[in-house]
Amino acid sequence: MNYKILVDEENPVTKDYLNSLNIKEYNGIKVEKKALNAFLSLQKEVSVNLISAYKENNINDPHITGLLLDIDKDINKNILQKYGFIKQDKSIRYVGVSTSKMINDNNLTLKEYNNLYNKSFMLLINKPSGITSFDVCKKVSKTFDTKKVGHTGTLDPLAEGLMLILVNKYTKLNNLIDYDYKEYIAVVQKGIETDTLDITGKVLKEEKVKNLPNLNNILQSFKGKYMQEVPIYSAVKINGKKLYEYARKGKEIDLPKREVEIKNISLVEEKEDTFTFKCLVSKGTYIRSLIRDISIKLNYPLTMKKLLRTKEGKFKIENSTSLDKLNINTNKLYLEDIFDYEIIDIDDNTYNKLINGVKINKDIKNKKLIRYKNKVIGLIHNENGIIKKDFLI
């Protein structure tokens, strides 16, 4: 449930939101459950009475959320902040502790906060080496004051480069964003084989560094589709456990194989102790495993030293933002930037049917982006003559 939702004449509550409300009763007054719990905690510190809260039927009145509480006295905003409230006219409004702090620290109204923070979008982030993909999401979460942050593909801690980060409602797009190919530049250490298939692992085999005269031909031989074995140090699940859990306990297990495609691969340079290659590969390809398979063909130990993701679908690393420069004004991408589908306009009647789950008979072909009141708000498709919504803001 969105506790930061703005409700006024321009932002009426939807049927879906109303269905998500968990309204409880306190002394004959209806209040949203989390707001009530926060109020009861506040009441232990300040002697305050609840006059009214939830009021039904008016979808333009913020009281309908059960989050706007009318009380009988004025309370210091710093005390309210401790329990996740902000002042709103003569009432208090539950928004959660982090949001309350954000609003107070920046001297914002809920409307101003909503215009800045309470948005859904995609970010292009340049992940540095040495942190996890979860760490990237955590940084985005803190910057944009939201717990709803996801991504379209993990990068190992060692790896760096492009990540597509989804924020708020856009996290629901994860299964709809289907970019087939990703581009990488990998630096390979010669003469070493490790258990993790990268330089961070335990060395299993070591040989003298040497020149690899047949290297380019070997790389080219991987173009096309082949069955790739998933690395033991990965998050792929077998029997409900992640593979790296088996590896850490020293348990042997048959590793699954998946069909991958190496669309392009080329040698960038070869040095005395390393070589670098660039590749365009299908989704789900492990570059560490590709390097292991190159090693097997060469009959010579190799391991991944560095990895840079440079492209995912149509998005390129040069258009991304580094984590240290991330802020509220960082460039955001919206539906029309993410998808290349045709945009069609819808009227009030169609919009109301969509948000309320009413069947729509409309003659459209393929997937379409829909625009309402000059804003692209969703993605739809035709299923046996009935319009189905894939996504709707």
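Is Leu 197 buried or exposed? Leu 197 turns out to be buried, at a relative accessible area of 13%, where buried means under 20% relative accessible area, exposed means over 50%, and partly exposed is in between (1.4 Å probe, protein chains only). This is a predicted model, so local features need pLDDT of at least 70 and side-chain atom pairs count only at pLDDT 80 or more, while totals for chains, interfaces and linings use all residues. Residues are numbered from 1 along each chain as its sequence is written, and side-chain values use heavy atoms, with hydrogens and water left out.

First, the overall picture. The protein chain comes to eleven helices and 24 strands; these are DSSP runs numbered from the N terminus, with helices (H or I) of at least four residues and strands (E) of at least two. Its C-alpha trace spans about 80 × 55 × 40 Å along the principal axes. Of the chain's 393 residues, 48% count as buried. As for contacts (heavy atoms within 4.5 Å), residues 24 or more positions apart account for 63% of those with a separation of 6 or more.

Next, the inside. The largest nonpolar core has 51 residues, a nonpolar core being a set of buried Ala, Val, Leu, Ile, Met, Phe, Trp, Tyr and Cys residues joined through side-chain atoms within 4.5 Å. Leu 123, Ile 165, Phe 277, Ile 287, Leu 290 and Ile 294 have the most contacts inside this core. Helix H9 (residues 287–298) gives the most to it, with five residues. A second, separate core of 28 residues includes Tyr 17, Val 46, Ile 64 and Ile 75. In soluble globular proteins, nonpolar side chains tend to be buried together.

H9 has twelve residues and reaches 16 Å from its first C-alpha to its last, close to the 16 Å expected at 1.5 Å a residue; the expected span is 1.5 Å times one less than the number of residues. Ten of the twelve residues are buried, so H9 is largely enclosed by the rest of the structure. Among the buried ones are Ile 287, Leu 290, Ile 291, Ile 294 and Leu 298, along with Arg 288, Arg 292 and Asp 293. The buried residues of H9 pack against S10, helix H7 (215–220), strand S13 (224–229), strand S16 (257–270), S17 and S18. Take Ile 287: leaving out residues up to four places away in sequence, it touches Tyr 184, Ala 186, Phe 277, Cys 279, Val 281, Met 304 and Leu 307.

Just after H9, Asn 299 takes a positive phi of about 55°. Asn 299 sits in the loop between H9 and S18 and, at 66% relative accessibility, counts as exposed. Back at Leu 197, phi is also positive, at about 70°, although this residue is not a glycine. Leu 197 belongs to the loop between strand S11 (192–194) and strand S12 (203–206). Most residues other than glycine have a negative phi.

Helix H6 (133–144), strand S10 (181–190), helix H8 (243–248), strand S17 (274–282), H9 and strand S18 (302–312) each supply at least two lining residues. The lining divides into 16 nonpolar, twelve polar and nine charged residues.

Ile 192, in strand S11, counts as buried at 15% relative accessibility. Thr 321 lies in strand S20 (residues 321–322) and is buried at 16%; not counting residues up to four places away in sequence, Thr 321 touches Leu 124, Ile 125, Asn 126, Leu 326 and Thr 330. Asn 114, found in helix H5 (residues 110–116), counts as buried at 10% relative accessibility.

Definitions and conventions
Ala, Val, Leu, Ile, Met, Phe, Trp, Tyr, Cys and Pro count as nonpolar, Asp, Glu, Lys and Arg as charged, and the others, Gly among them, as polar.
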